[in-house]
Each structure stands twice: as structure tokens, then as C-alpha cells.
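Reader: I have a structure open in my viewer and would like to go through it with you. Could you take me through the helix packing and the confidence, one topic at a time?

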Amino acid sequence: MKRMVFIWMLFLTSFFFACGSTYSTKKKPEPLTTGMREITKGITQYKKGCYKNALTYFFKAHELFTATDHQRGVAMSYNNIGNVYRASGDNKSAVLFFQESFSIYEDMGDAKGAVQILSNKAATLIDDGMLEEAAKTLSAAENIAKTNQILFGPLLNTRGILLIKKKEYAKAEEVLQTALTSVDSENFSESATVNFTLGNLMLETHRYEQAIFFFETALKADRLSGFSKGIADDLAAIGSTYLLQKKNDLAANVFKRSLKIYALLGNQKKVHQVMQQLENISESTGIDLGLTKYFVNSWLEGKTIEQPCD
């Protein structure tokens, strides 16, 4: 699963402390106020794909929450740090932070937080191909959710991904369709995630037109939320689907767009992968990649007028 689900619900959690007499104005302690500001800044950087900057803000938030022993804030910062490490490919570190976050939520008796963290941990284990351990983690999350009557859409999405990995496609589709119906139309991140997973399922089962539909739906949602990394992933997936359909011109078009976003984000690994696909198309069709390569190489060298991660 490509996207890390941040604990947005925690923004709604009240941690205002009364100061002075009964008639005094209630204020947040400064470290908590500043800590939430750092979390917000980190989320903005994460959505842009600027993971190094996001980590800096999340670590600052962790220090501020630790200073006042605000355990919910500490758990939230751990979760967000874990999400960044997962997105950066450091799954071992991600699991460590998710586990620490889960321990705090468990100690606090916060079932919703515990379910979300276990879902994130399970998704990370799936990324690493540790399917049995992922299944155990996911079952633990589902048991907590059932006991506490919690409906958490991303948990269904993670279960769907696990079923796809196990090639249990019919069950995966049933679970993912349930997840899709539970998504809030205004939750663009969650909508993009489920639609992207359904797109992958359609791709696995050779239903290419349906795959395009779901990937394009994910693309629309990611554009609305401004999730640059997600947009690049959606475009790359659409390009791969067109390639399987032998629609090389259409594939080249979306690959170019994906490639340029990855270059702006400095994601050299993804640039290499997509460029290889583009070059293969160019060899068979004669499509000119000169201008695309010019911008990609310049941006990877940091030659941009507007730095996306500043």
C-alpha cells in the first residue's frame, strides 16, 4: 500500500488544560501548541513527498510532546515518523516506531489509536513480504475494532492488500468493495488509497479497463488532496496498464508526467524505473524523449526555480 494514513482523528482530541482561576481563559501549554504546529508542517511536507523535511518536523513535535509528557502526542509523532520511514523504504525502522506508538495507545486504552497503528504496521509487514506476521497483526487490529465497535476503512484496505498478495482475489474484491462504500467522500486520502488498491486488483486479474477506471479515480482524489507522490504513483500505474494493453502512445504520455513529478521530488529510484519503461517504448515507437530527459536530469541535479521541498 503506497500511502501512509495519518492519525487525523487526533487533531480532534482535546488536550486543553485550565490555567489559573475558574474565570481565567483556557490555553494550551505552549509545547503542545507548538507540537501540533510541527505535526501540521510535517504532514504538509509528507504530502509533497519531502520526507526529510517531514521527519524533521515530526521529531521536533516528538520532543515538544515529550517535554510535557503528553503521551497521545508522543504516540502520534511516533506514528507519523513510522509513516515517513515506510514511505522512504526503511520498513524496519517504521515497524519499530509503529510498535512503540501502539504500546502507548494500548496503555492509554485508546482502541481507535491502537487499531490504526496495527493497521499501519501490518501494511508495512506486507510490503516486506512477511505475510504470516502481517496476518497476525491485522487479526489483532480487527479483534480490537470488533470488540470496541470501531469501523476503520484503512483496516479493510490492508486486509484487501493481504488477500491480493495471497492471490485470494475474490475475497479481496469483496473486502475492498466494502471498504470503498465506507469511505467518506470528503476523505480524499482514504478514497485514493482504496481506489488504487482496487486498481491493482483489476491489474492482477487482467481487467485492464476497470484498472484504468480505479487508478484514474485515485488520481482525481490525490490531486484534490495535493498528494504529489500519490499522483506520480497513480500516473505510473495507469501507464503500466496502458502498456499491457499495447497502447504505447497513451502509456508514454502518462509515464512522462509521472517521471517529471518523481524527478521534482528527487526520487531517483522511481525515476529510473519509469525511465526504463519509457525508453523501451521509445525504442519500438520512436517517441522523442529529449525534452523530458532534459527536465528530469536538471531537476534531479537540483536545478529548479521553485524548490518543492523548501
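Author: Gladly, and one convention first: the axes are lines fitted to C-alpha atoms, for helices over the stretch in contact, and the angles run from 0 to 180 degrees between N-to-C directions. Please keep in mind throughout that this is a predicted model.

Reader: Fine. At what angle do the axes of H3 and H5 cross, and how do the two helices run?

Author: The axes of helix H3 (residues 71-87) and helix H5 (residues 111-127) cross at roughly 15° and come within 11 Å. Angles under 35 degrees count as roughly parallel, so H3 is roughly parallel to H5. In handedness, H3 passes H5 in a left-handed crossing.

Reader: And which residues meet there?

Author: From H3, the residues Asn79, Asn83 and Arg86 meet Ile117, Asn120, Ala123, Thr124 and Asp127 of H5. Divided by class, the residues of this contact of H3 with H5 are two nonpolar, four polar and two charged.

Reader: What about H5 and H7, how far apart are their axes?

Author: The axes of H5 and helix H7 (residues 153-165) are 9 Å apart, and the two helices pack at an angle of about 20°. That angle makes H5 roughly parallel to H7, and the crossing of H5 and H7 is left-handed.

Reader: Which classes of residue does that contact have?

Author: The contact of H5 with H7 has eight nonpolar, two polar and one charged residues. On the H5 side there are Val115, Ser119, Ala122, Ala123 and Ile126, which meet Pro154, Leu155, Thr158, Ile161, Leu162 and Lys165 in H7.

Reader: Now the other end of the chain: are H13 and H14 parallel or antiparallel?

Author: Helix H13 (residues 268-285) and H14 pack at an angle of about 165°, with axes 12 Å apart, and H13 and H14 are therefore roughly antiparallel to each other. Their crossing is left-handed. Gln268, Val271, Met275 and Glu279 on H13 meet Lys293, Val296 and Leu300 on H14, and by class this contact has four nonpolar, one polar and two charged residues.

Reader: Changing topic, how many aromatic pairs are there?

Author: A search of the whole structure finds nine aromatic pairs. One of them joins tyrosine 46 and phenylalanine 227, which are stacked, with 6.0 Å from centre to centre and 15° between the planes.

Reader: Which parts of the chain does that pair tie together?

Author: Tyrosine 46 lies in helix H1 (residues 30-47), whereas phenylalanine 227 is in the loop between helix H10 (208-225) and helix H11 (228-244), so the pair ties together parts that are 181 residues apart in sequence.

Reader: Last topic, then: where does pLDDT stay under 50?

Author: That is the case over residues 1-26, for which the model has 70 contacts beyond four places in sequence. Where pLDDT is low, the predicted coordinates should not be read in detail.

Technical notes. Residues are numbered from 1 along each chain as its sequence is written. This is a predicted model: local features need pLDDT of at least 70, side-chain atom pairs count only at pLDDT 80 or more; totals for chains, interfaces and linings use all residues. Side-chain values use heavy atoms; hydrogens and water are left out. pLDDT is the predictor's confidence in each residue, from 0 to 100. Contact means heavy atoms within 4.5 Å. Helices (H or I, at least four residues) and strands (E, at least two) are DSSP runs, numbered from the N terminus. Angles under 35 degrees count as roughly parallel, over 145 as roughly antiparallel, 65 to 115 as roughly perpendicular and the rest as oblique. A crossing is left-handed if the near helix is turned anticlockwise from the far one by less than a right angle, and right-handed if clockwise. Ala, Val, Leu, Ile, Met, Phe, Trp, Tyr, Cys and Pro count as nonpolar, Asp, Glu, Lys and Arg as charged, and the others, Gly among them, as polar. Rings of Phe, Tyr and Trp (its six-membered ring) pair if their centres lie within 6.5 Å; planes under 30 degrees apart count as stacked, over 60 as edge-to-face and the rest as tilted.
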